[in-house]
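Trainee: I have a two-part model open and would like to learn how to read it. Could you walk me through it, one feature at a time?

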Amino acid sequence: MKSLILVVIFLLLAPATSMGKNMGSSIEELFSLSNMAHVDGRYEEAIRGYRNMEKKGLVNPDIYYNLANSYTKTGKVGLAILYYEKSLKLSPNAADVENNLAVMRERIAATSVNLDARSPWGKLFSYTTFKGCADFTIFVYLLTFCTLIVMLLKKNEKLRSRMRRAGVILAVLSSLSFVITLINLYEQEKVSYAIVVGEGVNLYEAPLEQAASSGILTEGSKVKVVDDSKSWLKVSSASGTVGWVQKKGVGII
Amino acid sequence: MINRISKGQLPAILIILFFLLPSSAFGALLNMEAYTDKTVVSMGDRLTLTIKISGEVSGSLPDPTSPGHEGFDIIGVPYQSSSFSWVNGRVSSSKTVNFTLIPSSEGIFLIGQSEVSYGGETITSLPVEVTVEKKEETTAPEEDKGIVQGMSADPYGRVIVSTSLSKKQVYVGEPLVYTFSFFAKVRLWENPEFSPPDFTDFWVENLPASKTPREVIIKGERYRREDIKKVLFPAREGDFTIDSTSITVQLDPFARPVVLVTDSIELEVFPLPAEPEDFKGAVGNFTIEASADKKKVKAGEPVTVKVKLAGVGNIKGLHPPVYEESELFRGYEPKDSMEISMLNDLISGIKTFEYLFIPLKEGEVTLPVFSLTFFDTAEEEYKTVKTKGMALTVLKGDESQAGLAASAQISQHMSGNGDMKKRLRPIRMKSSLGNWRPASYLKGLSLFLIILPPVIFLALLYSKGASRRKHQEQKASLGAAAALKIAEELMGEGKDKEFFAKTITALRDYLVHHFHLVHAGESKDELLEQLSKTNLPETVLQRIKEALEMAEVGRFAPTKYDETEMASFLVDVRAILEDCEKLNLKKGGSK
């Protein structure tokens, strides 16, 4: 019976791992080629490469950071800031991202008004990332079941008892970790910000091109997304001005 | 008849009679009059016509007919009120009906003639003479000194809107104030909706709206005035048109909303004259002053210099004042703070830049002189303002201490501002390239890994249970075989009672373990009931029942059984066990 289970596990795992490997290798190749293009000064080519990876559905702070660096080199300040922010959202406190973001903000003399208004829960979990929490939860979850499986396989009653206790503790830990992961995800998703990627994007008083403009947003400035309506976003600028911008003029972090 | 009226009904009848009698008796005492709140009105003005019916009568008074209103239109629904009084035994009633009229043409008109029929008589009110004059053009309130254009009012002058610009000719970057004013002399049903014009080509600063409306007099009538102000900074030269502005006003819930549209306003923006080299876009009139936090420092220790730019103009857009770099100091980029205020349509304020300098050499030195070049719009020329040179005594420094102090202060200074000399960090050459998307955890390998462990756990749990059951069954077979062997020996010894006891125990134990009968109990009936719930064939069940009964008789009956009878019984029991083994039955299966 045990051998049958092992065979089933192997058969189930084999295609999944090999599939992951194939997909991974093409992404790794693309990442490497894009990096080479950036190092050689072929920034547009590097941007295309990183963007291709993004289009494949890959959400990764390293790709965002490198893409931001390539945009920086091509003078696209708004897009550079957008991707630095995206990278920082996934991996907070990354020193290189924070440094480059500060340099870019300085370049556009962006106001350093803090738009972030995190809840007490948000502040508590501001040093954790969704990825970190999710990985930890999965790890503890797997460990819980491994412990329980060993408990079933072992005949020594003393060892079985120890495994049972460990399994219960791990189950509680994985449940807690799961809750923290959900809070983290909620905190990340409930408030969204955007970066102005166009030059001098108009802030309208209504989601209409004919509507009056209530100001101009400078490229690279960070705005808080308040509402969404078709091709328009209602945003609040650092100075507190609320208005509508066309989605094509901003990028959501 | 009186006898038929109960005691309770009598007072009610008396009250009705009391109210009915006077009305018929005093019908002739009814009066009717018509009057207006004004006798001279302008076109567009409202007039209130009141018809009052009164008299020493009780009960409800009739409604008057619609009054004559030649030259006027009645707006809305008439407002009606009634009163009743009883003083010293005299009853009096009155009814007042108010009509709101608006002149439809100029001239002298007789209005308000109305009739009322009461007690068989018709009473008519006397008409009132009202003169309707031509409406004079509404002018802006005197206190609006700006260039007022695009004024618009509703046909009756109830609400007026106007727009104005503080200047009609400005330079690029020179602030001007756009004011939208709303005047109302009537109460509004709901707050109006303001649609500001398009301010493309201008940087716009919204000014806070006044919290309470001002009272102004226009043509002798009292209006409430509310202003919406925006400061505009022209971003480029040229002739511009500030588009018309509209506002929707709901005066009463039953009427259509009034939409007032102002005219557009022309504006001329001049280019700035040839710009000096150090000009960075400051337009207005500014002063500069600087102060240092220390007059004496050790070499290597930082000095903070605050440079204040104050004045009227585009404060927000002011760049840091420039200074000549010197070998005597190492300077860092400044951090800034701002205070902006608005007075008499002028944007003014203070922008403070905080510089950090580290003196590199000891001696008597002068801190850098800061300067700002701006375009003075009043005098239409560029001006440069400079700070005075500030003396600083630099002592010989303790390198390690000074270095520590400097690095701490520089770090603090930069934390609020960012070091311009910072360089971009390079790209990351290595990456795990994992997908950090939340949804990626619920597909592919991740999902598989999440599902797999519980599946394995459940499979193992099931396998463990099956194995335990099989083991129990094997144990039951072996146990039964051993017990029957002992019974055979007892049979050889002629111990019939012991033989039956052992045999039946063997059969019972076998059935309990083989069919996992947890709640079989001790009695024969309980065992049979549990067995009947399995998918054991009826024939086998019947044989078990017979064997159990036979054993009971054998154990407890006074008769002695010989070896042949016992052998036959043993064969039957063994046959039952063999049949059960063959059937490979399971507890809980269906029959």
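Mentor: Let's begin with a loop: E380(B) is found between β29 (370-376) and β30 (381-386) of chain B. Strands here are DSSP runs of E with at least two residues, helices are DSSP runs of H or I with at least four, and both are numbered from the N terminus. This is a predicted model, in which local features need pLDDT of at least 70 and side-chain atom pairs count only at pLDDT 80 or more, while totals for chains, interfaces and linings use all residues. Residues are numbered from 1 along each chain as its sequence is written, and chains are lettered from A and ligands numbered from 1 in the order in which they are written.

Trainee: What is phi at E380(B), and is E380(B) buried or exposed?

Mentor: Phi of E380(B) is near 55°, a positive value in a residue other than glycine. For burial, count the other C-beta atoms, placed from the backbone, within 10 Å of the residue's own: 20 or more is buried, 12 or fewer is exposed, and in between is partly exposed. E380(B) counts as exposed because it has 11 C-beta neighbours inside 10 Å.

Trainee: Where is K230(A), and what is its phi?

Mentor: K230(A) sits in the loop between β4 and β5 of chain A, and its phi is near 50°, again positive in a residue other than glycine. K230(A) has 7 C-beta neighbours inside 10 Å, so K230(A) counts as exposed.

Trainee: How do I read the strands on either side of that loop?

Mentor: Two strands pair if DSSP finds at least two bridges between them. β4 (residues 222-229) and β5 (residues 232-236) of chain A are antiparallel, with 5 bridges, and D228(A) has L233(A) in β5(A) as its bridge partner. Their hairpin has 2 residues between the strands. β5(A) is also joined by 5 bridges to β6 (residues 242-246) of chain A, running antiparallel, with K234(A) opposite W244(A). The hairpin of β5(A) and β6(A) has 5 residues between the strands, and there G240(A) takes a positive phi near 95°.

Trainee: How is an open sheet in chain B described?

Mentor: Give the strand order first, then the sense of pairing. One sheet of 3 strands has the order β12-β21-β18 in chain B, with mixed pairing. Its edge strands, each pairing on one side only, are β12 (169-171) and β18 (238-242). Ignoring direction, neighbouring strands of this sheet are turned by 30° against each other on average; axes are lines fitted to C-alpha atoms, for helices over the stretch in contact, and angles run from 0 to 180 degrees between N-to-C directions. Within the sheet, β18(B) and β21 (residues 265-270) of chain B pair in the antiparallel sense over 5 bridges, and D239(B) has E268(B) as its bridge partner.

Trainee: Which residues touch the most other members of the largest nonpolar core?

Mentor: A nonpolar core is a set of buried Ala, Val, Leu, Ile, Met, Phe, Trp, Tyr and Cys residues joined through C-beta atoms within 7 Å. In the largest, of 85 residues, A80(A), Y83(A), Y84(A) and V250(A) touch the most other members. α4(A) gives the most to this core, with 8 residues.

Trainee: And how many residues take part where the two chains meet?

Mentor: Two residues are in contact if their C-beta atoms, placed from the backbone, lie within 7 Å. On that basis, 50 residues of chain A are in contact with 40 residues of chain B. The elements of chain A giving two or more residues to this side include α1 (2-39) and α7 (130-153).
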